[in-house]
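Subject: Predicted model, with notes on chain B

Dear colleague,

Here is the structure I promised to hand over, and my notes follow it. Please read them with the model open beside you.

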Amino acid sequence: MKQLECPVNGLRDISEFQYLGPRRSTRSDDPDTVVAHVFFAENPLGPMVEWWRHRPSNTVFLAERHTVTDQVLRTWLPTSPET
Amino acid sequence: MPFALLRYGLSKGHRPFRDIPATPDLKRSYDVVIIGGGGHGLAAAWYLSNQHGIRSVAVLEKGYLAGGNTARNTTTIRSNYLTSESIRFYREAVSLYESMSEDLGFNVMFSQRGQLTLAHSDATMRSFHLRAEMGKLAGARIEVVDAQTVRELCPHLHMDEGGLHEVLGGLWHADGGTARHDAVAWGYARGAAAKGVEIHQRTTVTAIRSTGDRVTEIETNRGTIRAGQVIQATGGLNGQVAELAGIRLPIRCFPLQAMVTQPLKPFLDILLSSANLHTYLVQSSRGEIVIGGGSDPYQLASTRSSFDQKVHLAQGALHLFPFLHNVKLLRQWAGITDMTPDYSPIMGASPLSNYWLDAGWGTWGFKATPVAGKYMAECVATGKVPDIIAPFALTRFDRFALLNEMGATAASH
């Protein structure tokens, strides 16, 4: 992956983006999942939904990316409905 | 040995000899099954067969022997860590390397040339004092040195006086060294095979079946086998293999990239690293400069290289040795590192009573090959986790008892 599609700014060079890690299925304010939330992050072989930030425009968005082939499947803003 | 060599030299009809026997057919059952035929798994097999007399052992390797992270690491052996638990453990690793060639009867080309980590800021110097004192407490040879001593240890280094990355001093670790990674794996494999250990290459584990809290069967692409005890040591795929056994590990995969240059005359006789520049260099015995180690900035389970990381590593190397500017790169590669939250490994017991973990080795696994093998074998042979690896248990995350070694890694994360 050398370019990433920002939902606001379009296709931009990967060096403009910051990786913010996988979208978590656990919550930090739930005592039953706090350990999982802090230490046991998502790490699939395959498609994964994750947070990214376009640094110059400070656009935080979601991307679905395949963690073996490094192909980005789709990107969208957290405010827009997930398609 | 010299007479045998002489006889061999004078004899006719030389036959090639294989150090490692060809893959046999799978039996239906083994006392111990080791998943992963890299350095760690083979070392465990060697200790089981040579020290504990357990010979019904099968090592299952998905690809070819030691072709994963054992082949892809940059062979740094050191014990200059931050916590007393880690220093004690890695110090034994270094001492096992010191006698490894003799113990195995196989030349692993261990070269204890010392490791120097550079400080380019006062803050780094202060953290080095902490690491030096922690190391001295544990009996390792670690000291903080000034810029003049750095110049003497590494005369060709660009000190960048007055520049952005001026070398203010360093952490000198006289016990640090390097060894040939393939030879380490082959030495253990040969020694284990000689005692009856079966090494199954191109054998992928596809399912792990358990009854109650015990693993009973392991399904592979070549048939299903029963196992008395299981050791998992599968490098970058530790998270996924553990999931086959129903165990969740706190691991995220990142590729770590490295590269080597064309061979040059010897000019760098120490291991050199710079945490600020996220670069470390060592000159191999062939003269190539091995340059490591940049991690990709996002999770990925692929061994592809990227141009960005090559540029980054080249910039670091050129900053330290500007005269390398015309040198050509011969090879580049990446390994999938299984990173844990606290940059320490996960060793010992798992939620299953006969399944033992040797995982989470991230970017720091090669140096621990002998010591991890030794204590993983002890786990299996005695059924108990030895005291020295108890702090690295998987349960430490539930107890929030982390062993934070993030500041002691040379690679960029």
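I begin with one helix of chain B: in α6(B), Phe128(B), Arg131(B), Ala132(B), Gly135(B) and Ala138(B) are buried, where buried stands for 20 or more other C-beta atoms within 10 Å of the residue's own, exposed for 12 or fewer, and partly exposed for what lies in between, with C-beta atoms placed from the backbone. Seen down the axis of α6(B), these buried residues fall within an arc of 125 degrees, so they line one face of the helix; the arc is taken over the directions from the helix axis to the C-beta atoms. On the other side of α6(B), the exposed residues are Asp122(B), Ala123(B), Arg126(B), His129(B), Leu130(B) and Leu137(B).

Before going further, a word on conventions. This is a predicted model, in which local features need pLDDT of at least 70 and side-chain atom pairs count only at pLDDT 80 or more, whereas totals for chains, interfaces and linings use all residues. Residues are numbered from 1 along each chain as its sequence is written, while chains are lettered from A and ligands numbered from 1 in the order in which they are written. Helices (H or I, at least four residues) and strands (E, at least two) are DSSP runs, numbered from the N terminus.

To return to α6(B), this helix takes in residues 122-138, 17 residues in number, and reaches 25 Å from its first C-alpha to its last, close to the 24 Å expected at 1.5 Å a residue, the expected span being 1.5 Å times one less than the number of residues. The cover over its buried residues includes α4 (84-98), β3 (115-119), β4 (142-146) and β5 (169-173) of chain B. Gly139(B), which follows α6(B), has a positive phi near 90 degrees.

Buried in α10(B) are Gln309(B), Leu313(B), Gly316(B), Ala317(B) and Leu320(B). They cover an arc of only 95 degrees around the axis, which puts them on the same side of α10(B), while Phe307(B), Val311(B) and Gln315(B) are exposed on the other side. Among the elements that cover the buried residues of α10(B) are β10 (252-261), β11 (271-274), β12 (279-283) and β13 (289-295) of chain B.

Strand β13 of chain B also holds Gly293(B), and the peptide bond from Gly292(B) to Gly293(B) is cis, with omega near -20 degrees. Ala66(B), in the loop between β2 (57-60) and α3 of chain B, has a positive phi near 55 degrees and is buried, with 24 other C-beta atoms within 10 Å. Tyr343(B), in the loop between β14 (329-339) and β15 (346-349) of chain B, has a positive phi of about 60 degrees and counts as buried with 22 C-beta neighbours inside 10 Å.

Val150(B) belongs to helix α7 (residues 147-153) of chain B and, with 21 C-beta neighbours inside 10 Å, counts as buried. Leaving aside neighbours within four places in sequence, its contacts include Leu116(B), Leu118(B), Val145(B) and Leu157(B), a contact being a pair of residues whose C-beta atoms, placed from the backbone, lie within 7 Å.

On the wider arrangement, the domain assignment, whose bounds come from an automatic or database source, gives chain B a domain 1 (21-75 + 181-250 + 342-408) and a domain 2 (112-175 + 253-339). The C-alpha centres of these two domains of chain B lie 30 Å apart, and 15 residues of domain 1 are in contact with 16 residues of domain 2. On the side of domain 1 that touches domain 2, α3 (69-72) and α9 (238-244) of chain B are the elements that give two or more residues.

Between the chains, 16 residues of chain B are in contact with 11 residues of chain A, and α9 and β10 of chain B each supply at least two residues of the side that touches chain A.

Methods. Contact = placed C-beta atoms within 7 Å.
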